[in-house]
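Open the model in your viewer and keep the selection tool at hand. Each stop below says what to select and what is there.

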Amino acid sequence: MAVKELKKGKSPGPDGISNEFYIIFFEKVKESLLKTLNYIYQNDTLNEKFTNGVITLVHKKEDPSKIENYRPITLLNCDYRLLSRILNNRIKPTLKQIISEQQPAAAGLSTHIATIVIRDAYYEPQKSTTDAFFVALDFQKAFDSINHDWLIKVLRKKKFPDVFLKFLKSTLSNNFLSIKINQI
C-alpha cells in the first residue's frame, strides 16, 4: 500500500500536510482520499492546487553565507506524492518486460551491471581488427529532459491502458511551480 511506503521526516508541501499525517490518520481519511483520487483518475482532472510545487533552497554544507552551499528542491503536496507512488506501484511490475537488462536504471538491477557493460564494450573491440569508438553519455536528470509525448507513445505501444496513459499525461503536464524567496 502506497501510504505505508511514505517516508517519515520529509518536508510538507505547500498545503502543509505531511506524510506523517497520512500515515497516522489514514484510517480516518482513506475514504475521502480514495474518492478524491478516483475522481481525479476518472475525470482526468488535476487542478493547480493539487499539483502546486514550491522551489526552495536547502543548506547542504559548510558556510551558509555562500550560495553554492545550497541546493534547490521542489516541495510537492503529500497527496500528489502519494498519487505518484500509486502510479509508480502500478507500473513497476511491468518494467522488467519493458526495460532491457543492459539498462542499469531498470528495477532491481544494480549499477555495477553498468560498469560490466562499459568494461565489455571497451575491451571487446580490442580482440578484433575492426575499427570501433566509444561514447559515454551522462544521463543524470534524464527524466527532466525526456519528451513526455514520446514516453506516452512508448507506453501505448507496450499496451498500457488508455485511461492510465491519459491520467499519466495529465500528471506530467498540469504542474505549477512557484519560488520561495527571502528565506535565508
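Select F21, Y22 and F25: these residues form one aromatic cluster. Rings of Phe, Tyr and Trp (its six-membered ring) pair if their centres lie within 6.5 Å; planes under 30 degrees apart count as stacked, over 60 as edge-to-face and the rest as tilted. The count comes to 3 aromatic pairs by this rule. Zoom in on F21 and Y22: the ring centres are 5.6 Å apart and the planes stand at 75°, so this pair is edge-to-face.

This is a predicted model, where local features need pLDDT of at least 70, side-chain atom pairs count only at pLDDT 80 or more, and totals for chains, interfaces and linings use all residues. Residues are numbered from 1 along each chain as its sequence is written, and side-chain values use heavy atoms, with hydrogens and water left out.

Now show the surface around that pair.

Next come the charged pairs. The structure holds 3 salt bridges (a side-chain nitrogen of Lys or Arg within 4 Å of a carboxyl oxygen of Asp or Glu).

Select K30 and E27. Their closest N and O atoms are 3.0 Å apart, in a salt bridge. Both residues sit in helix α2 (residues 19–43), 3 residues apart, about one turn of the helix. Helices (H or I, at least four residues) and strands (E, at least two) are DSSP runs, numbered from the N terminus. E27 is exposed at 59% relative accessibility, while K30 is partly exposed at 33%.

Move to R85 and E5. Their side chains meet in a salt bridge, at 3.7 Å from N to O. R85 belongs to helix α4 (residues 78–91) and E5 to helix α1 (residues 2–5), so the pair ties together parts that are 80 residues apart in sequence. R85 is partly exposed, with 27% relative accessibility. E5 is partly exposed too, with 34%.

Select R156 and D162 for another salt bridge, 3.5 Å from N to O. D162 is exposed, with a relative accessible area of 52%. R156 counts as partly exposed, at 43%.

For the last stop, select K10. Where does K10 lie? K10 is in the loop between α1 and α2. K10 is partly exposed, at 46% relative accessible area.

How values were computed:
Buried < 20%, exposed > 50% of the residue type's maximum accessible area, 1.4 Å probe, protein only.
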